[in-house]
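Subject: Structure handover

Hello,

Here is the structure I promised to pass on. Please have a look, then read the notes below.

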Amino acid sequence: MKTLTFIGWRLLAGLGVLWGAATLTFLVVHFTPGDPAEAVVGGEGAAPTPEVLAQVRAEYGLDRPWFEQYVSHLWRIAHGDFGTSYRLHTPVTQAIGEQAAATVELAVAAALTGLFLAVAIALATAGRRRWRGLASVVELVAASTPTFWLGIVLLTVFSFGLRLLPSTGGQGFASLVLPALCLALPIAGVLGHVLREALEEVLEEPFIVSARARGLSDTVVRLRHALRHALTPLVTMTGFWVGALLGGAVVTETLFTRQGIGRLLVSAVNAKDLPLVLGVVLLSALVYVLVNLLVDLLYLVIDPRLKEAA
Amino acid sequence: MNRIGVWLAVAVLTVLVLAALVPGLFTGQDPLAVDSGATLQPPSAAHLLGTDENGRDVFARIVHGTRASLLLGFGAIAVALVFGGLLGLAAGLGNRIVENVIMRLSDVGMAFPELLLALVVITVAGGGTGNAILAIGVANIPSYARLVRAQTLAIRRAGYVEAAYALGLPGPRVILRHVLPNAVKPVLILATIGVGTALVAGSALSFLGLGTPPPEPEWGSMLSTARNFISRAWWYGLFPGLAITLTVISVTVVGRALRLRSEGRTG
């Protein structure tokens, strides 16, 4: 029962954040200089007649008082209607939907690669003096390297130098390797650092000493007993994960000329296509809220002590 | 992190600040001088790090680009510190309603990835160095508001602040003389590390063609053009990015060392 209340509160908080996000997009549209009706008709050069503008204003409800516009804005978003792209003249949700699969593929591949690298490095080096110094330098370099430059270096070496992998997207699995790696390495650097520090703290705990005293090997102690505890801070960093993957996808997709939401977003920013930009941003807030909700549930699984606390 | 590493990082940062202030100290070449007879030349004695597609000296462009790139990092954090700091202070010192409003707003802000929030600002305000600084700065306001609030709350409950109130000092004076100075130090230390991430985010905007516009030299925008010449000019894509990475590493190392010192530990 307590668990249910906990989940209920979390759901409510998530809805609150989404409401705030939707309000923010309304404010942005409302306070952006320029006439939205003109933008709908086709930008500054289109020179529409006053009749056309009036028709658009009526159609989009731009002639109604702001409060009505706000309510209908929220109403439409709640029903999955994010408006129409100024540039593509298609619904924003459709434009995003067409690109979503490519980005999800990239983000999932990068998240798994990053997590795997971080866990492997942290497990291998935590508490081992000779290795941890080296690992911490590697992590610092990886975390400090901008995604776009890492991609250029990877392309220089693997695509144009060794000619092992394709330089652009759309060629199946082979064209996913470099972008995923490019997105994963900086994430692995940050996560590896956090995970190693957590592992080192856990390895000092009495229950680890007792596990060792029972004759368990070092590997078993690390894998079966220490790792589970050390994973908690990684789960806490969800915001960083989601942000790094989505922000990184924007850069990675542009660099590798891959299809995806990130590249869609960049072209929308260049075209001042506000509904599309705000649609992507709203979607990312939704992903953030959903992932956080999932994490809260995951906490209850990872750390059963929270069930009583919640 | 050992001592040598920290001093190396300090040395790198000193050189960078010098290059930003007086680029002429490091190179005599003009970063904008086009030489159509020497395009995409590999590194040589005449051009230490080679030339770009217009025959401009890559080293000179990196040196002259230091100012714009550092400005992106420091400027954005300054924006975030000022506005986030004021909000955080208000949340930490104000009544429950003020605190709740500010914190729920920052919850909303935190739901957006930094780069995406910055892109919204760019869509509305347009590109360019100034707007890129503003965009990254705005995107960082929620996290600094939280940081400053946490600091303020901790200090507000500290003995010396309660003592100052008990002595009958007026509220504004306690805030200015006792709360603010003590809250500033740890926040500034964390902000040092933040400069590195802001610099990466800012040069990412330039890389996407939304920050510093060409031909003005800036590391991110150099890489944006270099991307088209990866197959022919490895030096063009390598060195500007090396400059960014080296800067971020140095800033991070110095920031971490400062934090350890303020916590009374030596790394």
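Chain A has 14 helices and zero strands. Helices are DSSP runs of H or I with at least four residues, strands are runs of E with at least two, and both are numbered from the N terminus. From that end, the elements of chain A read α-α-α-α-α-α-α-α-α-α-α-α-α-α.

A word on the source. This is a predicted model: local features need pLDDT of at least 70, side-chain atom pairs count only at pLDDT 80 or more, and totals for chains, interfaces and linings use all residues. Residues are numbered from 1 along each chain as its sequence is written, while chains are lettered from A and ligands numbered from 1 in the order in which they are written.

**Chain A overall**

The C-alpha atoms of chain A fill a box of roughly 85 × 60 × 30 Å along the principal axes. Of its 310 residues, 36% are buried. Buried means 20 or more other C-beta atoms within 10 Å of the residue's own; exposed means 12 or fewer, and partly exposed lies in between, with C-beta atoms placed from the backbone. Take the contacts in chain A between residues at least 6 apart in sequence: 72% of them join residues at least 24 apart. A contact here is a pair of residues whose C-beta atoms, placed from the backbone, lie within 7 Å.

A:L300 and A:T3 are 297 residues apart in sequence, yet their C-alpha atoms are 8.5 Å apart in space. A:L300 sits in helix α13 (residues 274-302) of chain A. A:L300 counts as partly exposed because it has 16 C-beta neighbours inside 10 Å.

**Where the chains meet**

On chain B, 36 residues are in contact with 41 residues of chain A. Elements of chain B giving two or more residues to this side are α3 (96-110), α4 (114-125), α7 (171-207), α8 (219-226) and α9 (234-262). The largest share, nine residues, comes from α9(B). By type, this side of chain B has 24 nonpolar, eight polar and four charged residues. Nonpolar covers Ala, Val, Leu, Ile, Met, Phe, Trp, Tyr, Cys and Pro; charged covers Asp, Glu, Lys and Arg; the others, Gly among them, are polar.

**The core**

Which residues have the most contacts inside the largest nonpolar core? They are A:V277, A:A285 and B:A118, in a core of 150 residues. Such a core is a set of buried Ala, Val, Leu, Ile, Met, Phe, Trp, Tyr and Cys residues joined through C-beta atoms within 7 Å. Helix α2 (residues 58-93) of chain B gives the largest share, 17 residues. Leaving out residues up to four places away in sequence, A:V277 touches A:L265, A:A268, A:V269, B:L119, B:V120 and B:T123.

**Two helix pairs**

In chain A, helix α5 (residues 92-125) packs on α11(A) at about 125°, with axes 10 Å apart. Axes are lines fitted to C-alpha atoms, for helices over the stretch in contact, and angles run from 0 to 180 degrees between N-to-C directions. That angle makes α5(A) oblique to α11(A). Under 35 degrees counts as roughly parallel, over 145 as roughly antiparallel, 65 to 115 as roughly perpendicular, and the rest as oblique. From α5(A) come A:T103, A:L106, A:A107, A:A110 and A:A111; from α11(A) come A:W241, A:L245, A:A249 and A:T252. Seven of these residues are nonpolar, two polar and none charged.

In chain B, the axes of α7(B) and α9(B) come within 9 Å and cross at roughly 165°. The two helices are therefore roughly antiparallel. Their contact divides into eleven nonpolar, seven polar and two charged residues.

**Backbone points to check**

- A:T257 is not a glycine, yet its phi is positive, about 35°. A:T257 lies in the loop between α11 (238-255) and α12 (261-270) of chain A.
- B:L40 also has a positive phi, near 50°. B:L40 lies in the loop between α1 (3-21) and α2 of chain B.
- B:P214 and B:P215 are joined by a cis peptide bond, with omega about 5°. B:P215 is in the loop between α7 and α8 of chain B.

Why list these? Most residues other than glycine have a negative phi, and most peptide bonds are trans.

Best wishes

Methods: Contact = placed C-beta atoms within 7 Å.
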